[in-house]
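Hello,

Here is the structure I promised to pass on to you. Have a look at it first, and then read on.

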Amino acid sequence: MEQQYIDLYKAHHALIKEHSAAVMNESRDEAFALFSTLGFPTTKLENYMYTDLRPSLEADYGLNVRRLDFPVDPYQAFQCDVPGIDSYLYFVVNDGFYPEIDDRNKDLPKGVIICGLKEASEKYPELVQKYYGKLSREKKDGLVAFNGAFAQDGFFMYVPKNVELPRPVQLINIMRSDVDFLANAHNLIIIEENAKAQLLVCDHTQDDVRFLANRVTEVFVGEYATYDHYKLENTHNRMTNLATLLIDQKASSNVIANVITLHNGVSRNSIEVALNGKHCETEVCGMVIADKNQTVDNFTSVLHNMPECHSDELFKYVLDDVSKGAFTGRLFVEKDAQKTRAYQTNRNILLNRTAKMRTKPQLEIFADDVKCSHGATIGQLDDNALFYMRSRGIPYAEARLLLMNAFMADVLDYIRIDALRDRMKMLVEKRLRGELSKCEGCVICQ
Amino acid sequence: MLVIKDLHANIDGKEILKGLSLTVKPGEIHAIMGPNGSGKSTLSSVITGNPSFEVTHGSIDFNEKDLLELAPEERANEGIFLSFQYPVEIPGVSMVNFMRAAINEQRKYRNEPAVSATDFLRLMREKKELVEMDSKLTNRAVNEGFSGGEKKKNEIFQMAMLEPKLAILDETDSGLDIDALRIVANGVNKLKSPDNATILITHYQRLLDYITPDFVHVLYDGKIVKSGGKELALELESRGYDWIKQEVEA
């Protein structure tokens, strides 16, 4: 399975480097060496025990090592319509940053840089070098190493000290190919001291072929900075979406990471938030609505490395048919991280006997003055509540819907962009009703 | 209005109702009393269509319709309302959304257009006053964190909103203090009309001091074993149920 990629790298590493940037190439061979040792993760590894990625990784995918342009006009093909969100809008097609063609992003505050990672590496090599791979290189993880070896571009966002972005930034990831296709994108996000930014990432698929995306996102949040990361996946059933989100928080920073899977094929989200300064606040949350044979595995780590930080974690799943869900909530409290407050909740509803959920809180606490809690439940919709509603004239299907919407409501409350929250409520309701939950304009989502 | 004939019903294979018959006409108030475990709550569950109960024999007709053929929501929209003995908490579903859904389903069932936002809020306000319900409660999730008394008031509030033809109050008096009991009873009395009927299920005479029944029935071992006027309730209050059990077993 790995061998074809090892051979590919050996044969074409010069070409891969030629079509990327020097800063990214510096660690490329090292990442490749690590990947050659580790290979792709298997269910024998504790962190990957719930989801077998082999069927997804075995397929024969094409790569775009030469960075050929794909004939696509993302603005035409996709208008991710969140009414009232008024975002700065960017596209990454497969793994390449799509050049801007309109004016809506022109009024970015002074000093803010948003562009492709390759372009940033060429134009601002010192800035990129300071951060690129700082988090991902530490990971002994086959998927992250694979990304380090093959990623040539991605999304770059830099918000300098004391700057607040007045509007959310929206990044649309589109998978577009006529043949089965694999893309490794690397995203780098830097929010400096006392800066403030919100990013909404929308994952979509456009063509009816098999896709594999292996994306790594590194986020650096400076002291007193505030950062919101919303990821909304709405892809088709032939997509395998492997996403690693690594967040480094400095003292007194505030972060929300909210990962929502509305529709997908096979998804694996590895989210790691490291609280590397005192008084950090972080909220890691997500929801999953899955049916048919969809698979979603959210693996989260919150690392309390410093004292007096506060983390909240909330994940909710509604699973139907033969879908599979997995959640791991790893919570690590370092020896000196006293006065830590860390709370974790995972609640799951199985609508069908054939749906499967695996959940595992994993708390490793080495400090002695902490408040930590965790809770995990797997159950069905409350029959008593259903009957109560029906006895008031509300039909069974509608009563179920009200209960499921209510179940998901608190995850949506973690969205700090009003227009997005309203839109998400609507999308969740549509999805639960069994209607298409695609963003308007998306042609393939099914 | 309601005609129950020789009704037998099981839960988990155990027979609870063993041949119960009852006829209720518009404008009437019936009280059903009886010792614990006699089948009072089962009767209310079966009339409203709780899927946990299985009807094995007999019939229930409501305004000439076969009730047993209808789903719980259809029975509700035909005009049957149950005030639950233990109202259910539904976290995350607001009272407003819940009531609006219920009202609009009822209107849809009658081929009427959905209620407008202003009309709905006006209706809510009127009916809240009727049961002296705190405005804050309707802004919360259904029954979540309500006290026992608030939950019972909320049942009567919902009844006022839905204006049923037949209301079944299942031990609405249990767990209420005197003031709450008075408020709930007043609400029920104000909603009374010559066109609708009420079945009160209760252990005690207490509620009947406020709501005067036309008929009192004693349910024992799954059957109505004695019926009478309101004086029967007073007799039960002073003599208990033992004499009835002896009469039945004799």
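This is a predicted model: local features need pLDDT of at least 70, side-chain atom pairs count only at pLDDT 80 or more; totals for chains, interfaces and linings use all residues.

Chain B contains nine helices and 12 strands. Its C-alpha trace spans about 60 × 40 × 35 Å along the principal axes. A compact globule of 250 residues would have a radius of gyration near 18 Å, and chain B agrees with that because its own value is 18 Å. Of those 250 residues, 43% count as buried. If you take the contacts in chain B between residues at least 6 apart in sequence, 70% of them join residues at least 24 apart.

Next, look for an open sheet of four strands in chain B, with the order E2-E1-E4-E5 and antiparallel pairing. Which strands are at the edges? They are E2 (14-24) and E5 (65-66) of chain B, and each pairs on one side only. E5(B) is joined to strand E4 (residues 53-62) of chain B by two bridges, in the antiparallel sense. Here you can find Phe62(B) opposite Lys65(B), which belongs to E5(B).

Now turn to helix H1 (residues 3-18) of chain A. Its 16 residues, at 1.5 Å a residue, should span 22 Å, and this agrees with the 22 Å between its end C-alpha atoms. H1(A) also bends by about 75 degrees at His12(A). Which residues of H1(A) are buried? They are Tyr5(A), Tyr9(A) and Ile16(A).

Enjoy exploring!

Best wishes

Note on methods
Residues are numbered from 1 along each chain as its sequence is written. Chains are lettered from A and ligands numbered from 1 in the order in which they are written. The radius of gyration is taken over C-alpha atoms; the globule rule is 2.2 Å times the number of residues to the power 0.38. A residue is buried if 20 or more other C-beta atoms lie within 10 Å of its own, exposed if 12 or fewer, and partly exposed in between; C-beta atoms are placed from the backbone. Two residues are in contact if their C-beta atoms, placed from the backbone, lie within 7 Å. The expected span of a helix is 1.5 Å times one less than its number of residues. The bend at a residue is the angle between axes fitted to the seven residues ending there and the seven starting there. Two strands pair if DSSP finds at least two bridges between them.
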